[in-house]
Amino acid sequence: MKTVGLIGGLSWYATSVYYTTLNQLTNQRLGNAHSSQLLLFSVDFEEVRLLQEAGDWDAIEKMLSGIAIQLENTGADCIVLCANTVHLVADTISQKINIPLLHSAEETAKELVRQKINKVALLGTKFTMEHPFFSSRLSQFGINTILPDEADKEYIHASIFNELTKGLFNDDTKHRYIEIIDKLKGRGAEGIVFGSAELSILLKPTDCSLPIFDTIAIHCQAAVDFALSK
């Protein structure tokens, strides 16, 4: 089994879901008492959050690249960033290591192609929704992306940072997201991509009027496939 290097803490709550999902998928594949072989470096999210708000992505890239190099030197065979937003600097990180970085958007695009989905709505932080690093990856696979309107984008961004990354999940927030998804369906979306890991905790497939593409589940499946490949 290959070793998966995780860069987590972005948020810690989402990282716990990554950890659990990776181990569950590995055990489902191998049975008995098997679990994933992982190296985890968990950062202090407040440091990253402040850099994000300041727009200092160079500092974020240097921090995460340094961690990726440490994980590689410690024995990781691939790198997984346990948050979509920091994939904004994923390509630069990838250039500084000698092992694969499994890109969340690329793995999501492959799954959308398998499901024959051509147009999706993307929900996540404003960084994920407004910067092209995620939607452009989908576009490379022929998938069109639509975004919520400005008011809904502001609400989604604020709720992610003020509630979801802190492990706070309430019914009012859930109902507002369902309303947003219904509006996006009316604009032609064939599916919803959860571009923030915490959204898959807030909303379940039965809550939504469109198919959900949970980037945590997709990303973890790709990591397990890699780890168990020969």
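Strand β6 and strand β7 (residues 212-214) pair in the parallel sense over three bridges. Here helices (H or I, at least four residues) and strands (E, at least two) are DSSP runs numbered from the N terminus, and two strands pair if DSSP finds at least two bridges between them. The model is predicted, so local features need pLDDT of at least 70 and side-chain atom pairs count only at pLDDT 80 or more, while totals for chains, interfaces and linings use all residues. Residues are numbered from 1 along each chain as its sequence is written, and side-chain values use heavy atoms, with hydrogens and water left out.

Strand β6 comprises residues 191-194, and both of its faces are covered. Gly191 and Val193 on one side, and Ile192 and Phe194 on the other, are all buried; buried means under 20% relative accessible area, exposed means over 50%, and partly exposed lies in between, with a 1.4 Å probe and protein chains only. In a regular strand the side chains alternate between the two faces of the sheet.

Strand β1 (residues 4-8) may be considered next. Five of its five residues are buried, so β1 is largely enclosed by the rest of the structure. Val4, Leu6 and Gly8 cover one side, and Gly5 and Ile7 the other. What is the sense of the pairing between β1 and strand β2 (residues 38-42)? The two strands are parallel and are joined over five bridges. Gly8 has Ser42 as its bridge partner in β2. Between these strands the chain passes through helix α1 (residues 12-30), and this β-α-β crossover is right-handed; that is, with the strands pointing away from the viewer, the path from the first strand over the helix to the second runs clockwise. Strand β1 also pairs in the parallel sense with strand β3 (residues 78-81), over four bridges. There, Cys78 in β3 is the bridge partner of Val4.

The loops on either side of α1 each hold a point of backbone geometry. Most residues other than glycine have a negative phi, and most peptide bonds are trans. A cis peptide bond, with omega of about 25°, joins Leu10 and Ser11. Ser11 lies in the loop between β1 and α1. Asn32, in the loop between α1 and β2, has a positive phi of about 50° although it is not a glycine. Asn32 counts as exposed, at 75% relative accessibility. Lys116 lies in the loop between α5 (104-114) and β4 (119-123). Its phi is positive, about 60°, although Lys116 is not a glycine, and its relative accessibility of 69% places it among exposed residues.

How many cavities of 30 Å³ or more does a search of the whole structure find? The search finds two. On a 1 Å grid over the protein atoms alone, a cavity is a set of points where a 1.4 Å probe fits but cannot get out, and lining residues have an atom within 4 Å of a point. Grid points are joined across faces, edges and corners, and a volume is the space filled by probe spheres set on the points.

The largest cavity has a volume of about 110 Å³. Of the 16 residues that line it, Leu10, Ala83, Thr85, Thr125 and Ser196 are the closest to its centre. Helices α2 (45-54) and α8 (150-162) each supply at least two residues of this lining. Why does the largest cavity lie between domain 1 (4-103 + 218-228) and domain 2 (105-214)? It lies between them because both domains give residues to its lining; the domain bounds come from an automatic or database domain assignment. The lining divides into seven nonpolar, eight polar and one charged residue. In this scheme Ala, Val, Leu, Ile, Met, Phe, Trp, Tyr, Cys and Pro count as nonpolar, Asp, Glu, Lys and Arg as charged, and the others, Gly among them, as polar.

The second largest cavity has a volume of about 50 Å³. Its lining residues include Met1, Val4, Leu22 and Leu228. Helix α11 (215-228) gives the most to this lining, with four residues. Eight residues of the lining are nonpolar, three polar and one charged.

Terms used:
1 Å grid on protein atoms, 1.4 Å probe; cavity = no way out; pocket = protein on both sides within 12 Å on 5 of 7 lines; lining within 4 Å.
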